[in-house]
Amino acid sequence: MKNEFHKQLLIRPFIVSDESISGFLYRASKMNRYRFSYLYNYLHLSIYEAQNNEFNQEALQMFAALVDRENGFINERNGYNLKSFLGAELYTKIIMKNKVKYCPICIQEKYYHRTAWCFTPFHLCIVHNVMLVDQCPQCRQMISLSAFMNRECEKCFFNFEIIQPNVFDNLIFLESQTHIQNAFWEKDRIVIANCNFKKFFRLAYCSFHLLIGGIDYTAMSAENLSFFHNQFEGVKSGLKLAIGLANVYWMYLDFPNSFYMVLNDFLKRNVGSQRYERLSAFGIILEELEFYMIAEAYNAYFINQIDDGNVRKDFSVFKRYPNLLEHRGRVRREEVRQTTGIAYEKLHELNDYNELHIETKYTNGQQRYLVEKSKLDSYLSTKQNLISKKEVGLIFGIIPNSVQKIVDAGYLTPMRLANSPKVLYLIQEVNKLIEDCLGVVVEEISPSMVKFHHVLSKYAKHSFTILEIISFTLSGQLMPYRLNESRTLVENYYDEEQLKDCMELIKKRKQEENGICFNDVMKTLKVGEKKLWKVLKEEGIKADFTLIWKDGRKRYYFKEETISRIQECLIYRGRIS
């Protein structure tokens with residue numbers, strides 16, 4: 001610049017509060033009849049920097065001196081330091097370079113370039129509700145800043161001020177643009193729930209992967225959404241990006257209903273590697289704690305999808321978070337076979353016996369069988385906890401025949417799965433019974449103590465069976481002891497005096513149940529064997545209970561009423577004689 005200007009412009013305009021720095025520099029150069037290159041060269045800026053609001057601090061100080069303003073008269077609302085304000089990544093995505101857009105009504109009111117017109121996704125004037133113009137309406141040429149400031153197209157010389165405004169009344173589009181633009185300058189202002197401007201754009205660029213190729217849910221366009229990379233005839237399309245953002249706004253406005261609608265459509269039109277790649281790209285946002293509600297809704301959606309048989313357990317979300325599979329309600333039949341080894345025929349048999357519940361579903365013309373997970377888990381848990389009679393015997397330390405006696409006595413409950421003939425027993429029930437019958441651990445055993453199996457053999461003739469040991473132990477009449485922590489009855493020892501007391505109780509109980517034996521009747525009535533048999537035969541008196549031993553011998557028992565009758569017969573015969 002010529003030195004005679006003393007580093008100040010002759011005409012020194014004021015910058016409008018929402019005017020871009022680059023637009024103000026153009027305006028100042030035009031008012032002073034200087035070529036634009038004179039000013040940006042003086043400020044040591046490139047043409048690229050001068051047209052795109054990329055002024056450094058030194059250039060800004062020099063520019064302030066040129067227009068005789070205090071340093072700091074320009075701020076972010078004029079487009080200064082936007083890269084720092086937005087962050088480098090978001091700045092690169094949404095700032096327009098080497099071209100501008102404008103509102104046809106705004107320039108009729110006052111012609112200057114607004115900072116808001118530098119952003120690709122801002123495509124609506126929220127003051128007048130008209131679409132911004134980013135191409136020459138006549139020849140479709142992109143509008144440079146110099147062309148805008150000269151008020152006509154550089155190619156066809158179309159006058160930008162005579163364009164007919166394109167007024168829109170699409171509610172979602174209007175709402176989304178209004179919320180986005182208002183939230184740009186106010187960091188705490190939200191666009192949608194819990195999302196300020198920066199968070200919304202992080203969410204939007206991830207959500208684009210779900211929306212791309214889908215319908216326009218806002219009905220702004222009849223074309224499928226194609227904003228990815230924002231390419232439109234080789235350049236960024238502000239309209240397509242704005243429509244994309246409006247769809248994101250709609251997607252989370254009625255959350256999660258609209259979100260689920262988008263996911264449904266996404267699954268229908270995306271398959272194979274494309275589906276995987278796009279879901280993975282969207283899934284990046286789910287890693288952030290700030291978007292946990294979206295992550296929860298996303299996970300819930302795919303749990304429902306796997307329950308309906310629409311996706312498999314190797315789907316991307318379940319690979320990333322395998323624990324989610326625990327929350328599903330149904331499992332595919334083929335997966336059950338692979339993980340449990342249960343054949344299809346057996347699965348359907350279990351379904352017939354209500355051990356499992358299998359639902360048949362038709363998806364895309366294919367028949368699928370889904371097994372209810374809660375019943376499957378219950379069945380597998382029960383099956384895992386069931387053991388055979390032989391295994392019960394090993395735990396108790398007794399033979400299987402003795403186990404059957406315990407079962408018949410009601411101490412254990414026999415179980416069958418479906419129509420299987422095999423009888424099984426719940427291991428928890430077995431362990432509980434064992435626990436109740438185990439002896440107290442002591443350091444030494446008295447010589448008078450009798451070991452478990454010796455009790456059974458020594459007192460067998462007195463009907464002292466495993467059932468009696470269990471019964472007297474549970475009632476507290478037998479106190480078992482053991483020398484180690486072994487968990488079988490084999491290592492139990494019993495006090496002989498307690499055993500004798502128990503045998504007396506057995507004897508008394510049997511007398512009440514069956515009566516007393518023939519020999520005891522002889523002792524009670526003080527009569528000989530021949531005489532007693534003669535009375536029984538001649539009077540036709542029969543034993544109340546007859547015990548037949550294995551060798552064929554018989555033992556006769558008589559109850560108190562029968563003994564009284566025999567006694568009366570003996571007394572009568574004595575009187576006669």
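This briefing describes aromatic pairs, charges over rings and helix packing in the structure above. The model is predicted: local features need pLDDT of at least 70, side-chain atom pairs count only at pLDDT 80 or more, and totals for chains, interfaces and linings use all residues. Residues are numbered from 1 along each chain as its sequence is written, and side-chain values use heavy atoms, with hydrogens and water left out. Across the whole structure, 38 aromatic pairs are found (rings of Phe, Tyr and Trp, the last by its six-membered ring, with centres within 6.5 Å; planes under 30 degrees apart are stacked, over 60 edge-to-face and the rest tilted).

**Aromatic pairs**

- The ring centres of phenylalanine 24 and phenylalanine 63 lie 5.3 Å apart with planes at 50°, so this pair is tilted.
- Because phenylalanine 24 belongs to helix α1 (residues 21–31) and phenylalanine 63 to helix α4 (residues 57–66), the pair ties together parts 39 residues apart in sequence (helices are DSSP runs of H or I with at least four residues, strands are runs of E with at least two, and both are numbered from the N terminus).
- Phenylalanine 122 and phenylalanine 197 have ring centres 6.4 Å apart and planes at 85°, so they form an edge-to-face pair.
- Phenylalanine 122 lies in the loop between α7 (106–109) and β1 (124–125), and phenylalanine 197 in helix α10 (residues 197–211), so parts 75 residues apart in sequence are tied together.
- Phenylalanine 122 is buried at a relative accessible area of 2%, and phenylalanine 197 is buried at 4%.
- One aromatic cluster includes Phe122 and Phe197, together with Phe184, Phe200 and Phe201 among others.

**Charges over rings**

- The charged end of arginine 151 sits over the ring of tyrosine 111, 4.0 Å from its centre (CZ of Arg or NZ of Lys within 6 Å of the ring centre and within 35 degrees of the ring normal).
- Arginine 333 places its charged end over the ring of tyrosine 344, 3.9 Å from the ring centre.

**Helix packing**

- Helix α9 (residues 171–185) packs with α10 at an angle of about 130°, their axes 9 Å apart (axes are lines fitted to C-alpha atoms, for helices over the stretch in contact, and angles run from 0 to 180 degrees between N-to-C directions).
- In this packing, Ile180, Ala183 and Phe184 of α9 meet Phe197, Phe200 and Phe201 of α10 (contact means heavy atoms within 4.5 Å).
- Helix α25 (residues 518–525) and helix α26 (residues 529–539) pack at about 100°, with axes 10 Å apart.

How values were computed. Buried < 20%, exposed > 50% of the residue type's maximum accessible area, 1.4 Å probe, protein only.
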